[in-house]
Structure formats: structure tokens, C-alpha cells
Amino acid sequence: MPTIGLGPVYDGIFHFLLSPEDLIPIIALSLLSGQRGASFGRRVLWIVPLAWFAGGVLGMFAGAARGSALTCVSFLLLGGLVAANAKVSLRLITALAGFLGFFHGYLNGTGISHFNDGTYALVGLALAVFVVVALFTSFVIPLRRQWALIVVRVAGSWIAASGLLMLGWALR
């Protein structure tokens, strides 16, 4: 994980905010939970950062990993669910949030070499995830106008299209 010179917590925050392969699936999950309502948003708000941190800690001990194909799948799946305005259950969105957070946290953890600074970087990552989920979910929950709901679905379709492009590049 590159450093920006402000300390490991800020390194984790900026790594998350500057890594589209981490940021965009979290935005998609936030949009999906926002489409479903406040209870879904609250569940995702707490599950994803905790799973991200747990996966990151495990990844620090496990070593190198590659996950480009699964990252593409997270773009495709979550973007497609947002675009379809899928009526997912609270149980399913909890499972998606846990898996997404743990998987992406694990991938981030494999790139962290020092345990002490790495733990602080993971705290920064989890805090950034928490803030992004809170912002995007709270943006979508109150939307009632049809055109605004369509904008959210279009954003999901673009995320899914990006995942399809990434999958093509990964398979090439």
C-alpha cells in the first residue's frame, strides 16, 4: 500500500478513496441498500466495515492473493442488482455486504506488510468504507421522484457495464 506521508490511518483512507476496484462496489452496494430502505442501509453500514477489517487482518497473515476476476463479478452483480432495482431480502443483502467487505478487505490486507502500521491502515480503510456507505445510502433512501430513482438505476447499469469491461480485460 503506498504511503502519502500523513500516517497509516490516512494511508488507508486515501487508498480506499483512490482505488476504484474497492470504491465502486461499495458505492453499488450502498445504492442497492438505499433502494431497499433505511433498515437495509443500517445493516450494510455496520456489516461492511467490520467485515472489511476482519478480512484485512486475515489477509495480512495469509500473504499474496489475486482477485481481479472476482472484483469484476462484484461490479457486475451489484451493478446489475441496482440497475434492476432488485427486491433483495435483508438476509441476502447482509450476506452480500459481509462477503464483499471480507473479500475486498482480504485483498487489501494481502498488500499490507507491517502489522502495527497495517492495523492502523485497516482502521482507516474501515472508517472510509463506513463514511462512503453512510453518504451514498443516505442520499438514495429519501428519493421519491421517478427521475431520481431512474438516475440511481442508470448508475447501477454503468457499474455493471464497467464490470463487463473489466472482465473482458481480465480474460484477455
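Accessible areas here come from the Shrake-Rupley method with a 1.4 Å probe, and for residues only the protein chains shown count as cover. By that method the protein chain has an accessible surface of about 9,000 Å², of which 71% belongs to carbon and sulfur atoms.

The model is predicted: local features need pLDDT of at least 70 and side-chain atom pairs count only at pLDDT 80 or more, while totals for chains, interfaces and linings use all residues. Residues are numbered from 1 along each chain as its sequence is written, and side-chain values use heavy atoms, with hydrogens and water left out.

**Whole chain**

The C-alpha trace spans about 50 × 35 × 30 Å along its principal axes.

Colour by burial next. Of the 172 residues, 44% count as buried (under 20% relative accessible area; exposed is over 50%, partly exposed in between; 1.4 Å probe, protein chains only).

**Helix α5**

Select residues 90-110, which make up helix α5; Phe99 and Phe103 both lie there, 4 residues apart, about one turn of the helix. The whole structure holds 3 aromatic pairs. Phe99 and Phe103 form a stacked one, with 6.0 Å centre to centre and 5° between the planes. Rings of Phe, Tyr and Trp (its six-membered ring) pair if their centres lie within 6.5 Å; planes under 30 degrees apart are stacked, over 60 edge-to-face, and the rest tilted.

Which of the two, Phe99 or Phe103, is buried and which exposed? Phe99 is exposed, because its relative accessible area is 54%. Phe103 is buried, because its value is 12%.

**Helix α6**

Move to Ala126, in helix α6 (residues 115-140). Ala126 counts as buried because its relative accessibility is 12%. Now show Pro49 and Phe53: Ala126 touches both, leaving aside residues up to four places away in sequence. Contact means heavy atoms within 4.5 Å. Phe53 is 73 residues from Ala126 along the chain, yet their C-alpha atoms are separated by 6.0 Å.

Definitions and conventions. Helices (H or I, at least four residues) and strands (E, at least two) are DSSP runs, numbered from the N terminus.
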